[in-house]
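Reader: I would like to learn how to read a fold from its coordinates. Where do we start?

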Amino acid sequence: MAFDGRCSTEDNQDPETSLGWQLGNARKFVEPLGATVAAQYFDIGQSRSVPWERGTQAAALLAQLKRADWGWSAVVVGEGTRCCFGNQFSLTEPK
């Protein structure tokens, strides 16, 4: 699976700690199902109100979807409210 996470501000959140707990949450969800995290996409300094297409790492994840050789078969997030705001999920999921 590909992991997507986000840390909005370096001055209010420690990016390393934020990545650690979000990735840990994602692994706790997927590993009992026999899955592993094969790729990581983690934006630092991006508000959750910014569309995925404008986040550096989230945009890279979306771009990877256009390729035939993803290297993973699903996307997992460590904390839904960190990755999506408002109707972003409904706009991003069909992609």
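Author: Start with contacts along the sequence. This is a predicted model. Among contacts between residues at least 6 apart in sequence, 68% join residues at least 24 apart.

Reader: Which elements does the protein have, and in what order do they run from the N terminus?

Author: The protein has four helices and three strands. From the N terminus on, they run β-α-β-α-β-α-α.

Reader: What percentage of the residues count as buried?

Author: Of the 95 residues, 37% count as buried. The protein exposes about 5700 Å². Carbon and sulfur atoms supply 52% of that area.

Reader: Now the strands. How should I read the two faces of one?

Author: In a regular strand the side chains alternate between the two faces of the sheet. Take strand β1, residues 2-7. Ala2, Asp4 and Arg6 lie on one side, and Phe3, Gly5 and Cys7 on the other. Both faces are covered, with these residues all buried. Six of the six residues of β1 are buried, so the strand is largely enclosed by the rest of the structure.

Reader: Which strands does β1 join, and do they run parallel or antiparallel?

Author: Six bridges join β1 to strand β2, residues 39-44, and the two run parallel. Gly5 has Phe42 as its bridge partner in β2. Three bridges join β1 to strand β3, residues 75-77, again running parallel. There, Ala2 stands opposite Val75 of β3.

Reader: On to helices. How many Å should helix α1 span?

Author: Count 1.5 Å a residue.

Reader: Which residues of α1 are buried?

Author: Pro15, Ser18, Gln22, Leu23, Ala26 and Val30. Seen down the axis of α1, these buried residues fall within an arc of 115°, so they line one face of the helix. On the other side of α1, Glu16 and Lys28 are exposed.

Reader: Where do the buried residues of helix α2 sit around its axis?

Author: Helix α2 covers residues 56-64, and its buried residues are Ala58, Leu61, Leu62 and Gln64. They cover an arc of only 160° around the axis, which puts them on the same side of α2.

Reader: Let me zoom in on one residue. Is Ser18 buried or exposed?

Author: The cut-off for buried is under 20% relative accessible area. Ser18 has 4% relative accessibility, so this residue counts as buried. Its place is in helix α1.

Reader: Which residues is Ser18 in contact with, leaving aside its neighbours within four places in sequence?

Author: Ser18 is in contact with Arg6, Cys7 and Phe42. Arg6 and Cys7 belong to the buried residues of β1. Phe42 is the partner of Gly5 in β2.

Reader: Last topic: charge. How many salt bridges does a search of the whole structure find?

Author: Side chains of opposite charge can pair when their charged atoms come close. Here, a search of the whole structure finds one salt bridge. The side chains of Asp69 and Arg67 meet in a salt bridge, at 3.0 Å from N to O.

Reader: What are the relative accessibilities of Asp69 and Arg67?

Author: Asp69 has a relative accessible area of 46%, so this residue is partly exposed. Arg67, at 45% relative accessibility, also counts as partly exposed.

How values were computed:
Residues are numbered from 1 along each chain as its sequence is written. This is a predicted model: local features need pLDDT of at least 70, side-chain atom pairs count only at pLDDT 80 or more; totals for chains, interfaces and linings use all residues. Side-chain values use heavy atoms; hydrogens and water are left out. Buried means under 20% relative accessible area, exposed over 50%, partly exposed in between (1.4 Å probe, protein chains only). Contact means heavy atoms within 4.5 Å. Accessible areas come from the Shrake-Rupley method with a 1.4 Å probe; for residues, only the protein chains shown count as cover. The expected span of a helix is 1.5 Å times one less than its number of residues. The arc is that of the directions from the helix axis to the C-beta atoms. Two strands pair if DSSP finds at least two bridges between them. A salt bridge is a side-chain nitrogen of Lys or Arg within 4 Å of a carboxyl oxygen of Asp or Glu.
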